[in-house]
Amino acid sequence: MAKIKVKENAAPFGWKDKIGYALGDFGCNLSFVMQSSFFMVYYVTCLGINPAHFGLLILLTKIWDGINDPLIGSLTDKIRPKEGKDKFKPWLFYGSILLSIVTMFMFMPIHNASYGVRMIVCVLSYVMWDMCYTIVNVPYGSMASVMTTDDLERADLSKYRSLGSLLGNVPAGVILPLFLYDSVTGDPLSNRFLWTAVIIGIFSWVCLQGTIRLCTERVVHVPEAGDDKQEKPHFFRTFINCMQSRPMIGLIIASVALLMFMQSNNSTNQYVFMLYYGDTNWISVTMLLSYAAQILTMIFIRPLLKRIDRKVLCSVPFIAIIAITVFMIMNPMTNPISWVICQFAIGILQGSFVMLVWALISDCIDYMEATTGRREEGSVYSCVTLFRKIGSGVGSALLGVALGMTGYDQNLDVAQQAANVGMNVKNLAAGYLLVGAVLIFISMGLIYNLNNKKMEEVEKKLGRQDRQEKLAKALEGGMDD
């Protein structure tokens, strides 16, 4: 079992850590939302890539994703910094530069290139973006576990990470649709995507540099003498342990379903308002209300956690989401306001899980330490992100294929699409949400078993109370444990 050591003269945990950690996900999410919301629109609608071809290409690139996450996660555990040096910040420093450059490369104006060249650029730009995003995001997510071991401070980091994610969605989700779409026809304006990506890339780099400067890696896990296993982290050993862990399996399924299905509306809402309602101005309204739902959750999450077990908060609300999505499919919902209201309700109901998912990963890291005796933050974290990315790729592939099955023709303007395309797209969007809600309810309600009582047992086994008391004293005095 690893011992905790606090760096000499480490500053106490405080507002700088919270703001810096929020900036990290803000910067990451600027790039992520640019990719998740507009990459498909740019290559399918602006560059004329067949949606079925696009979906297949993205699915195939997930082979690289399958190597990328565990590779980076394992490297962050194997490459041990010199005494007194940071473990994760160097990854953020160099990775943020690469991520900014690749974000711009994704939206190169290659309209006049051959169809084959456009597909090659599509694949290469996505693979490069995914690699650079992983170089930043896996160390960033793992860094929370070495900033503090206190449960409340860890929950604060998860909350502020969610705040950063929320704010990162605002430019790409609310402002950019007003700039990137023709307000009259609803068609995307392809000549504006590159310069938008340049601005987003620069802002992303600035925010991640803020994370490096404001956050403090103060906790070091030092292996006990003679513990050879701690000296040699191995991803595949950790992966097998994760696949034998009930809470890890439940969290992985739920996390994948969240990204693959519940967050599909970043893309599907654009087509719903474009093809069914014929008014893309509602995209910004819907996104703005989704942010309001997250803010409300952020305000009430602590009072809720004091009264309701976190496992209940992350499972039971999805029963109501299932009912709402069935209603969305069964009814024509000809008024866009009804669609917006349903999206807002879903945002409220899924808010607790969205807000707590990063804290739940930290809980799983603790659980794995308690069951295996090894502390491998990067490898355990990358097990989750590995499946999240595979799920994202499969979701994009299925969405591309399903969009083609609705009758949508990427070579036609909005007004030229077949009459039933809009209704088919509306039902597709609601169906994706329904599948996600069912999967999350099953995984978090029936498989995931780290409720409050179970976590108390984990903390007791780790001797965490004693460790936290020592840590607090060490931080107060700025001395090693």
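1. Of the protein's 481 residues, 58% count as buried (buried means under 20% relative accessible area, exposed over 50%, partly exposed in between, with a 1.4 Å probe and protein chains only). Keep in mind that this is a predicted model, where local features need pLDDT of at least 70, side-chain atom pairs count only at pLDDT 80 or more, and totals for chains, interfaces and linings use all residues. Residues are numbered from 1 along each chain as its sequence is written, and side-chain values use heavy atoms, with hydrogens and water left out.

2. The secondary structure comes to 19 helices and 2 strands (DSSP runs numbered from the N terminus: helices are H or I with at least four residues, strands are E with at least two). Among contacts with a separation of 6 or more, 87% come from residues 24 or more positions apart (contact means heavy atoms within 4.5 Å).

3. Now have a look at helices H3 and H4. The axes of H3 (residues 89-105) and H4 (residues 115-147) come within 8 Å and cross at roughly 150° (axes are lines fitted to C-alpha atoms, for helices over the stretch in contact, and angles run from 0 to 180 degrees between N-to-C directions). H3 and H4 are therefore roughly antiparallel (that is, over 145 degrees; under 35 is roughly parallel, 65 to 115 roughly perpendicular, and the rest oblique).

4. Who touches whom here? On the H3 side you'll find residues including Trp 91, Leu 98 and Phe 105, and they meet H4 residues, among them Met 128, Trp 129 and Tyr 133. By class, this contact has 15 nonpolar, 4 polar and 1 charged residues (Ala, Val, Leu, Ile, Met, Phe, Trp, Tyr, Cys and Pro are nonpolar, Asp, Glu, Lys and Arg charged, and the others, Gly among them, polar).

5. On to the rings: the structure holds 21 aromatic pairs (rings of Phe, Tyr and Trp, its six-membered ring, pair if their centres lie within 6.5 Å; planes under 30 degrees apart are stacked, over 60 edge-to-face, the rest tilted). Trp 129 and Tyr 133 have ring centres 5.0 Å apart and planes at 20°, so they are stacked. Both sit in H4, 4 residues apart, about one turn of the helix, and both are buried. Tyr 276 and Tyr 277, with centres 4.8 Å apart and planes at 70°, are edge-to-face.

6. Met 333 lies in the loop between H13 (317-330) and H14 (336-349), and is buried, with a relative accessible area of 6%.
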